[in-house]
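These are my notebook entries on a single structure. I looked up charge pairs, ring contacts and backbone geometry in turn.

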Amino acid sequence: GVTPTAVSFYPAMVAAKKMEKKIKDQLDASNASKQLRSAAFEMALFGTGIMKGPLAINKEYPNWDDEGNYSPIFKTIASTSHVSVWNFFPDPDAANMDEAQYVIERHKMSRTQLRALKNRPYFRENAINNALNLGESYQKEWWEHVMEDNADEGGYSDRFEILEFWGFVDKEVIEQHDIEIPDELKDVEQVSVNVWVCNNNVLRLVMNPFTPAYLPYYATPYEMNPYSIFGVGIAENMDDTQ
């Protein structure tokens, strides 16, 4: 407005407020506040906090029709999650995530959680059934015994160990697994893929859906170490006699 009584309208500010509200709603829907608190805790304690995402998932919202029949509504939402530093295995020669060629995440899933993967896109039902038939395969690492502080040294857990790989592989390897490569990537020497493995069964092998291809992990150090992805935490600083 050019006069004292005229109304001034700021389209950019209104659009920014609407986008801010949408982002906050998406973060609330994915329980991001809890995940970020966990990442901040490990950042201070161990030196590195790791977040994964955003990834698109289908979330089920309860709904009943007029006759009382359950008819859920499925909506695609953005999801973010915290990855424990103990289950995060990045490229060891990379000093930061921009230099990392690959990342492997270690999952610990129950039989129910493993079966639920059948409902997610591009997971192979036959491979999941084979992994289930082979039985639980999770072996506790030495640091898990230390953290749990229990007397069980057998290392066996009634869970499945699933390894999730994000990274670049040679195009010839993808072609050997009958993965269709888009025409725009026919001339490249390597492609970015996402692979899930359990009990020597490939549960999922797809090309990275992100354009441009990137690894959906963010490793934030408490105190930066210029020679490693992993930072220095409060405990390590306190342990320094100097």
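**Helix α1.** I began with Lys24 and Glu20, which both lie in helix α1, four residues apart, or about one turn of the helix. The model is a predicted one, and in it Lys24 forms a salt bridge with Glu20, with 3.4 Å between the closest N and O atoms. An α-helix has 3.6 residues a turn, so residues three or four places apart point the same way. I noted both partners as partly exposed: Lys24 has a relative accessible area of 47%, and Glu20 one of 42%.

I then checked the length of the helix. The 19 residues of α1 should span 27 Å at 1.5 Å a residue, and the end C-alpha atoms are 27 Å apart, which agrees. I also found a nonpolar surface patch of about 250 Å², made by Met19, Ile23 and Leu27. Of these I looked up Leu27, which is found in helix α1 (residues 11-29) and is partly exposed at 35% relative accessible area.

**Further salt bridges.** I recorded a count of six salt bridges. Glu105 and Lys52 meet through their side chains at 3.1 Å, N to O. Glu105 lies in strand β4 and Lys52 in strand β1, so this pair ties together parts that are 53 residues apart in sequence. Are Glu105 and Lys52 buried or exposed? I found Glu105 to be buried, and Lys52 likewise. Lys52 and Glu105 are also linked with Glu164 in a network of salt bridges.

Glu136 and Arg111 form another salt bridge, at 3.2 Å from N to O. Glu136 is in the loop between α4 (125-134) and α5 (142-148) and Arg111 is in helix α3 (residues 111-116), so the pair ties together parts 25 residues apart in sequence. I noted Glu136 as partly exposed at 22% relative accessibility, and Arg111 as partly exposed at 27%.

**Rings.** I next listed the aromatic pairs, of which the structure holds six. Phe88 and Tyr217 form a tilted pair, 5.7 Å centre to centre with 50° between the planes. Phe88 lies in strand β3 (residues 88-90) and Tyr217 in strand β8 (residues 217-221), so the pair ties together parts that are 129 residues apart in sequence. Phe88 is buried at 2% relative accessible area, and Tyr217 counts as buried at 2% relative accessibility.

**Backbone.** Most residues other than glycine have a negative phi, and most peptide bonds are trans. I therefore looked for departures from this pattern. Asn31 has a positive phi of about 55° although it is not a glycine; this residue is found in the loop between α1 and α2 (32-46). Asn199 has a positive phi of about 50° and lies in the loop between β6 (190-198) and β7 (201-207). I recorded Asn31 as partly exposed at 37% relative accessible area, whereas Asn199 is buried at 17%. Lastly, the peptide bond from Gly53 to Pro54 is cis, with omega near 0°, and Pro54 has its place in strand β1 (residues 48-61).

Definitions and conventions. Residues are numbered from 1 along each chain as its sequence is written. This is a predicted model: local features need pLDDT of at least 70, side-chain atom pairs count only at pLDDT 80 or more; totals for chains, interfaces and linings use all residues. Side-chain values use heavy atoms; hydrogens and water are left out. Rings of Phe, Tyr and Trp (its six-membered ring) pair if their centres lie within 6.5 Å; planes under 30 degrees apart count as stacked, over 60 as edge-to-face and the rest as tilted. Helices (H or I, at least four residues) and strands (E, at least two) are DSSP runs, numbered from the N terminus. Buried means under 20% relative accessible area, exposed over 50%, partly exposed in between (1.4 Å probe, protein chains only). Patches are made of residues with over 30% relative accessible area and no salt bridge: like charges are joined within 9 Å, nonpolar side chains (Val, Leu, Ile, Met, Phe, Trp, Tyr) within 5 Å. Accessible areas come from the Shrake-Rupley method with a 1.4 Å probe; for residues, only the protein chains shown count as cover. A salt bridge is a side-chain nitrogen of Lys or Arg within 4 Å of a carboxyl oxygen of Asp or Glu. The expected span of a helix is 1.5 Å times one less than its number of residues.
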